[in-house]
Amino acid sequence: MTLKAFLYAGAVAALVALGGAATMPAQAGEPLAKSLFGAKRLPAATTPRAWGFYSKGCFSGGMAIAVDGPNWQAMRVSRNRRWGHPQMIRLIERLSREAVADGWPGLLVGDISQPRGGPMLTGHASHQIGLDADIWLTPMPDRRLTASERENLSATSVLQQGSLYVDDRIWTPAHAALLKRAAGYAEVERILVHPGIKKKLCDTVTGNRAWLSKIRPFWGHHYHFHVRIGCPDGSTGCRSQKPPPSSDGCDKSLAWWFTDEPWRPAKGPAKPKARDVMVMKDLPAACRQVLEAPAPVSEAAVTIGGDAVAAPPIAASAFAATPRREIPLPEPRPRR
Ligand SMILES: [Zn+2]
């Protein structure tokens with residue numbers, strides 16, 4: 001551990017993690033969970049299960065989406081974040097296929113999770129349990145991107161420069177149709193987008209507007225949108241997020257984003273990010289086993305799309321019905 005990381009770990013007592021519970025102070029020399037999970041190149045070859053919460057957990061039985069599929073291309077491949085719970089990976093494949101009918105030519109797939117989830121070395125508070133995925137708001141080009149383009153190509157913001165509003169020269173009906181398609185899947189609980197995108201949908205969607213309840217305004221998310229699915233059946237160690245209100249959300253809660261408050265710089269000294277201080281005892285106990293579990297024989301054996309399509313075995317015992325505890329997410333806080 002670096003000295004800086006050590007100091008962060010020691011200063012954590014007052015930190016309330018996004019998962020809703022305090023992160024425990026780390027012992028001197030204790031390895032950071034992000035280093036342990038960040039070092040894993042392959043998933044845990046055990047029953048697919050999500051453990052913990054979106055911002056504090058891990059997962060087993062992970063699968064990858066192939067770098068290339070008929071209707072998708074993975075971006076930033078060197079990060080090795082093409083992994084997720086099989087249900088998430090299958091959903092991306094399905095969205096890529098079905099969105100073609102909406103005029104969206106294919107998905108540029110951003111970060112999903114590390115092979116065994118857990119906190120990441122860089123970026124993302126969530127994406128830890130294999131149930132979150134980022135999809136670019138840039139349509140897939142009609143050619144295969146080179147390895148270097150996948151690392152370096154910039155995504156396109158859909159906002160007018162320096163504004164909170166969508167640029168109508170960039171935004172198309174296909175953008176809206178893609179979000180509607182994704183929100184229409186039963187397993188999708190939330191889609192995070194920039195407030196400007198939410199407003200655009202509020203102002204333009206006609207007919208059925210029920211799906212707008214799943215479209216949630218959040219900071220960032222004008223280059224990509226974030227798809228979150230609910231705890232899969234059998235993942236009894238997965239903590240659900242409270243469902244969003246059933247209204248379309250085109251109300252005061254959205255208007256708040258167009259005030260100064262959400263964008264005001266945070267006061268006081270910067271707090272360390274939860275992912276930068278978490279140690280193993282902050283995560284569900286099962287995450288130790290996830291970390292130690294054997295890897296599959298090869299990456300291809302657990303990759304969807306491309307040449308090999310295989311699923312890890314799912315034990316019947318994985319489907320024991322235990323009620324899940326619901327915990328609320330903290331209110332959004334202004335970010336620096
Ligand atoms: Zn995301």
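Let's start with helix α6, residues 195-204. Seven of its 10 residues are buried, so the helix is largely enclosed by the rest of the structure. Buried means under 20% relative accessible area, with a 1.4 Å probe and protein chains only. Helices here are DSSP runs of H or I, at least four residues, and strands are runs of E, at least two, numbered from the N terminus.

A word on the source. This is a predicted model, where local features need pLDDT of at least 70 and side-chain atom pairs count only at pLDDT 80 or more, while totals for chains, interfaces and linings use all residues. Residues are numbered from 1 along each chain as its sequence is written, and side-chain values use heavy atoms, with hydrogens and water left out.

Back to α6. Which residues of α6 are buried? They are Pro195, Gly196, Ile197, Lys198, Lys200, Leu201 and Cys202. What do they pack against? The partners are α5 (173-183), β9 (188-193), β10 (215-217) and α7 (252-255). Contact means heavy atoms within 4.5 Å.

Next, strand β2, residues 56-60. Five of its five residues are buried, so β2 is largely enclosed by the rest of the structure. What joins β2 to strand β1, residues 49-53? Five bridges do, and the two strands run antiparallel. Strands pair if DSSP finds at least two bridges between them. β1 and β2 form a hairpin, with two residues between them. Look at Ala50: opposite this residue, in β2, stands Phe59.

One general point to finish. In a regular strand, side chains alternate between the two faces of the sheet.

Notes: Buried < 20%, exposed > 50% of the residue type's maximum accessible area, 1.4 Å probe, protein only.
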